[in-house]
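Good morning, everyone. Please take a moment with the sequence and the model on the screen. Then we will walk through a few places in it.

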Amino acid sequence: MTETFADLIACEDALMFVNAAITSTGQREFHHEEGEQRLSLGFLHEYVLENYRDLYAASLALNVNDHNAVLIVRNLLLRAGDVDVERRRREGRLIARRLGLLPPQRVYRLFRDLRRRGVNNRRTRAIMREWMAGRPDPAFDAVKYRDAVKGAMRHAHVRPGAAADGELGPFLFAPRTVKRFATPIFETWRRAHYEREALYELPYTVAEGFAAKHKVPRAVFAERIESKMTRLERLRLQESTGAAADLGAMPLTRLATYALSLSLDDRARRRAELTEALRTSARRIAGAARGSWGRVAAVLDDSHSTSGSGRKRRRPLAVALAASYLLEALAKEYTPLWTSGRTDELLLYPFGPTPLGERIIDALETGPERLIIVSDGWDNAPPGLAADVLRIWRSRLDPGHRYGGAQRVQITHLNPVYDADDFDVRRLAPTVPTAGIRDAEDLPTLVELARFAEGRVGLPALQAHLDERTARFLEHS
């Protein structure tokens, strides 16, 4: 009995951490300040690392966000001496694979943090060298992340070698001693110091500094440098300047965020364009699973708390909106129910209380096979009604799960907001599986993960699931 109870606690702790690592970025949320978020998240990382290190490392193979992936990698390297060689080797493969998926600027910031903390063991240096050796264009990195590359090379004892025709070392450490570089991007960087036209051949973030030096008007610079921008840089510039965005290039959740950033008049005017872009993106994500989920009802939160914070403006509402379009693509029949009672999804905005209980009743009356709830879980109109409805539904109207049988309705709660007080996402009822969600694109995977939170599936099954996800994750390493 003791072992079973310990397994249950371990399963709950693991899921609690995964939920936090998916949703929290340590930034301010509607109900919690940034300091509370960071303190709570930091404690959770330390607790799981200390007590469930294998599960902690395996979470790198899950849908944890980039912020937490970096923290996991850093903590594993900080405590490298706590495990044997075989486990270090396995962790090393997970770390190497995850670093390959992270944006390079995040990886370089991680390397700078490791250097500041004095983490310079052989394993860390080997991981840094391997990642840097695998970069597709070392010369480009040297220009775009110059100071970061210099620091990483010094810390990991990396020799410049023959990269960039042997000019990498001189470019990073003694550029003034070279009168002319043979490597084109190095020579362009050198010329940009005194030649205005040369800056338009450099990466956007580097060219931006030279443009300020040469006093180039912002509008002129933005127009001429566009071809050198990454997709994300282009999207950010379009959003900041109000320029027309390339909707086809946006991921679904970012597309929903962009739509919600427009005025209601602009959304109404561009209704056909925005709706088609959202549906096309959702269908692309659904892929072969399109229409395979049967009858689906969704309770979607557009209450005042979905306005988020200054750092995450309307993020919870954007996740719910994107999820609605994805569920529409996955379902054969789909019924969306917003907490405000509004039906025009494109004209939504955060407003009013959160009557989740009433909307759950409405959803169950449609006879769905699946009920998906996307909400921060602050049920307040009236408080606690959602928990009572779900408890009664599970205990009296759909009790099959209590006896190991099939459920008439598969209910899943997806929560886009980390609750710093509870070290987890806020739950509606113990009988309903809950998972954190940051991007709607991950919804199908998270619905699968959430079933472990229902209490019917124990630690061995969760461990088997993690092993399977890890194996698939490492197949491409």
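Let's start with one residue. Thr 253 sits in helix α15, residues 252–261. Helices here are DSSP runs of H or I with at least four residues, strands are E runs of at least two, and both are numbered from the N terminus.

A word on the source. This is a predicted model, where local features need pLDDT of at least 70, side-chain atom pairs count only at pLDDT 80 or more, and totals for chains, interfaces and linings use all residues. Residues are numbered from 1 along each chain as its sequence is written, and side-chain values use heavy atoms, leaving out hydrogens and water.

Back to Thr 253. Is Thr 253 buried or exposed? Thr 253 counts as buried, because its relative accessibility is 2%. The cut-offs, with a 1.4 Å probe and protein chains only: buried is under 20% relative accessible area, exposed is over 50%, and partly exposed is in between.

What does the side chain of Thr 253 make a polar contact with? Its partner is the side chain of Glu 441, at 2.6 Å. A polar contact is a pair of N or O atoms within 3.5 Å; within protein, one must be able to donate a hydrogen and the other to accept it, and residues adjacent in sequence count only if both atoms are side-chain atoms. Beyond four places in sequence, Thr 253 is in contact (heavy atoms within 4.5 Å) with several residues, including Arg 315, Ala 322 and Arg 438.

Next, the strands. Strand β3, residues 370–374, runs parallel to β4, with 5 bridges joining them. Strands pair if DSSP finds at least two bridges between them. Find Ile 372: its bridge partner in β4 is Thr 412. β4 also pairs with β7, residues 434–436, again in the parallel sense, over 3 bridges. There, Leu 414 stands opposite Ala 435.

Now the empty space. Rolling a probe the size of a water molecule over the atoms shows where empty space is left. We use a 1 Å grid over the protein atoms alone: a cavity is a set of points where a 1.4 Å probe fits but cannot get out, a pocket is an open set with protein on both sides within 12 Å along at least five of seven lines, and lining residues have an atom within 4 Å of a point. Points are joined across faces, edges and corners, and a volume is the space filled by probe spheres set on them.

How many cavities of 30 Å³ or more does the structure hold? There are 4. The largest cavity has about 80 Å³ of space. α1 gives the most to its lining, with 4 residues. That lining has 11 nonpolar residues, 1 polar and no charged. Ala, Val, Leu, Ile, Met, Phe, Trp, Tyr, Cys and Pro count as nonpolar, Asp, Glu, Lys and Arg as charged, and the others, Gly among them, as polar.

On to the second largest pocket, with about 520 Å³ of space. It has 21 lining residues, and among those nearest its centre are Gly 92, Arg 93 and Ile 127. α5 gives the most to this lining, with 9 residues. By class, the lining holds 8 nonpolar, 5 polar and 8 charged residues.

Last stop: Leu 474, in helix α22. Leu 474 is buried, at 7%. Leu 474 touches Arg 93, Leu 94 and Arg 97, not counting residues up to four places away in sequence. Leu 474 and Arg 97 are 377 residues apart in sequence, yet 6.8 Å apart in space, C-alpha to C-alpha.
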